[in-house]
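Subject: Structure handover

Hello,

Here is the structure I am passing on to you. Please open it first, then read my notes below.

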Amino acid sequence: MTYQFNTPQTIIHGAGASRELLPQLIRLGANRVFFVTDAFIEQSGLVQRLAEPLREAGLAVAVFSGVQPDPTVQNVLEGLAELTNHGADVVVAVGGGSPIDAAKAMAILRTNEEPLQQYMGYHKIPKAGLPLIAIPTTAGTGSEATKVTVITDAEQQVKMMIFDAHLMPTLALVDYELTLSMPAALTAHVGVDTLTHGIEAYVSRKANGLSDPIALSCIRLVSTHLLAAWQEPSNRVAREGMALAACQGGMAFTNSSVCLVHGMSRPLGIQFHLAHGLSNAILLPAVTRFSVSGAVERYATVARTMGVVPEGDSDEAAGAALVAGLEQLNQSLQIPRLRDCCGIEKPAFHRVLEKMAADALASGSPQNNPVVPTAD
Ligand code: NAD
């Protein structure tokens with residue numbers, strides 16, 4: 001069996017990495033730069049700080065700050081119209097997964113003809129898009145290092161997963177200082193998202209010799225740093241560890257796959273307006289309990305990497321300890337349970353169960369799970 005491994009051409013990681021933007025744009029030969037961000041990030045003054053030296057150097061700069069959380073096709077098209085109008089030759093995404101994903105979709109729609117919906121699924125984008133620089137401000141999705149974009153088709157009520165090497169950013173500037181402002185709940189949700197990427201990449205049926213060590217390193221970093229980053233927002237060591245973990249989580253899953261947690265979390269997110277990281281975090285312990293028998297050794301390695309299993313315990317015991325450890329982590333991070341968020345006893349939940357199950361299976365992610373589920 002062969003497998004393909006993609007990363008950005010360059011990743012610059014560490015305090016102040018975002019200040020490398022101008023030299024990197026010059027290296028890419030950019031003249032007309034288009035920033036994609038959201039209203040909060042723009043109001044924080046970050047984009048202004050990044051854009052000022054570019055303008056002073058004579059580059060033409062425009063900013064689209066209209067990305068909404070979990071961006072929609074409509075949202076992408078609004079940005080695309082401004083990007084085209086500006087005549088951009090490089091796109092710079094600043095923000096969490098939402099602005100980075102929206103920017104990826106804009107960059108490829110600039111050079112490809114079909115509506116975005118046509119590219120849903122795997123390897124359907126014919127041409128490379130505009131060069132894209134990703135500057136993450138959350139430590140979660142790892143989108144700065146993935147060949148994936150997730151865009152909501154509001155008409156069909158589906159979060160479309162589009163997977164293609166043409167979606168890989170050209171360059172990622174991973175500056176953990178930009179994540180210091182994340183509030184505790186956001187830190188928790190995106191942090192468990194990262195852990196989910198590491199675990200799913202490692203237990204996936206598509207796991208491979210290149211993705212495995214990166215996935216385990218991601219899991220180890222989250223176990224070391226997430227609680228500290230949540231408790232002490234200005235803990236720089238913890239923030240740096242989580243920024244590295246997020247980037248590694250993205251690199252691992254995009255070259256292996258995600259599995260059942262992600263398959264189920266997209267429909268749950270769209271039906272109940274749950275943020276991506278939160279819906280993954282809610283599902284992770286229960287889906288792990290369901291899946292552990294399909295990859296006992298691998299889950300045991302995850303448990304040992306997280307340090308949640310006493311030395312000498314069997315692989316079977318390690319699997320059970322992992323589920324308990326994940327439940328404990330959610331409790332420590334004050335992550336709510338499904339019943340708190342979605343009213344699982346109410347008819348409204350049961351009315352959408354069948355659609356959620358069908359959409360989860362249609363996404364392809366559950367088929368990579370160690371135990372492949374049925375709709376039931
Ligand atoms: P997000 O980008 O939706 O941001 C969530 C909120 O946090 C926003 O209000 C934003 O303004 C705010 N925020 C961002 N940075 C901040 C900071 N430093 N301080 C304070 N507030 C800040 O959140 P996300 O979890 O990073 O991204 C979620 C999106 O990414 C979802 O649409 C999900 O489907 C997608 N996703 C994509 C990939 C991929 O590989 N492309 C992987 C996982 C998830």
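Which of the 28 residues around the ligand come nearest? They are Phe 40, Gly 96, Gly 97, Ser 98 and Thr 146. A residue counts as near a molecule or strand if its C-beta atom, placed from the backbone, lies within 6 Å of it.

Two notes on how to read this. Numbering starts from 1 along each chain, as its sequence is written. The model is predicted, and local features need pLDDT of at least 70, side-chain atom pairs count only at pLDDT 80 or more, while totals for chains, interfaces and linings use all residues.

**The ligand shell**

Helix 2 (39-43), helix 5 (97-109), strand 7 (148-153), helix 6 (184-203) and helix 10 (276-291) each supply at least two residues of this shell. Helices (H or I, at least four residues) and strands (E, at least two) are DSSP runs, numbered from the N terminus. By type, the shell residues divide into 9 nonpolar, 16 polar and 3 charged. Here Ala, Val, Leu, Ile, Met, Phe, Trp, Tyr, Cys and Pro count as nonpolar, Asp, Glu, Lys and Arg as charged, and the others, Gly among them, as polar.

Where does the ligand lie relative to the domains? Domain 1 (10-178) and domain 2 (182-368) both give residues to the shell, so the ligand lies between them. The domain bounds come from an automatic or database domain assignment.

**The two domains**

The C-alpha centres of domain 1 and domain 2 lie 25 Å apart. Their contact takes 25 residues from domain 1 and 27 residues from domain 2. Two residues are in contact if their C-beta atoms, placed from the backbone, lie within 7 Å. On the domain 1 side, strand 1, strand 7, strand 8 (158-163) and strand 9 each supply at least two residues. Strand 8 gives the largest share of that side, 3 residues. The residues of that side divide into 11 nonpolar, 10 polar and 4 charged.

**Strands**

Start with strand 9 (residues 171-174). Both of its faces are covered. Leu 171 and Leu 173 are buried on one side, Ala 172 and Val 174 on the other. Buried means 20 or more other C-beta atoms within 10 Å of the residue's own; exposed means 12 or fewer; partly exposed is in between; C-beta atoms are placed from the backbone. In a regular strand, side chains alternate between the two faces of the sheet.

Strand 1 (residues 10-13) runs parallel to strand 9, joined by 4 bridges. Ile 11 has Ala 172 as its bridge partner there. Strand 6 (residues 132-136) also runs parallel to strand 9, with 2 bridges. Ile 133 stands opposite Leu 171. Strands pair if DSSP finds at least two bridges between them.

There is also an open sheet of 3 strands in the order 5-8-7, with mixed pairing. Strand 5 (121-122) and strand 7 are its edge strands, each pairing on one side only. Strand 5 and strand 8 run parallel and share 2 bridges. Gly 121 is partnered with Ile 162 in strand 8.

**Helices**

Helix 6 is mostly covered, with 17 of its 20 residues buried. Helix 9 (260-272) is mostly covered too: 11 of its 13 residues are buried. Those buried residues pack against strand 7, strand 8, helix 6, helix 10 and helix 14 (347-362). At 1.5 Å a residue, the 13 residues of helix 9 should span 18 Å, and its end C-alpha atoms are 18 Å apart, which agrees. The expected span is 1.5 Å times one less than the number of residues.

**Loops to look at**

Which residue takes a positive phi just after helix 9? His 273 does, at about 55°. His 273 is not a glycine. It lies in the loop between helix 9 and helix 10. His 273 is exposed, with 12 other C-beta atoms within 10 Å.

Gln 157 has a phi near 55°, again a positive value in a residue other than glycine. Gln 157 sits in the loop between strand 7 and strand 8. It is partly exposed, with 13 other C-beta atoms within 10 Å.

Pro 233 is in the loop between helix 7 (211-231) and helix 8 (236-255). Pro 233 and Ala 184 are 49 residues apart in sequence and 7.2 Å apart in space, C-alpha to C-alpha. Not counting residues up to four places away in sequence, Pro 233 touches Leu 180, Met 182 and Ala 184.

Best wishes
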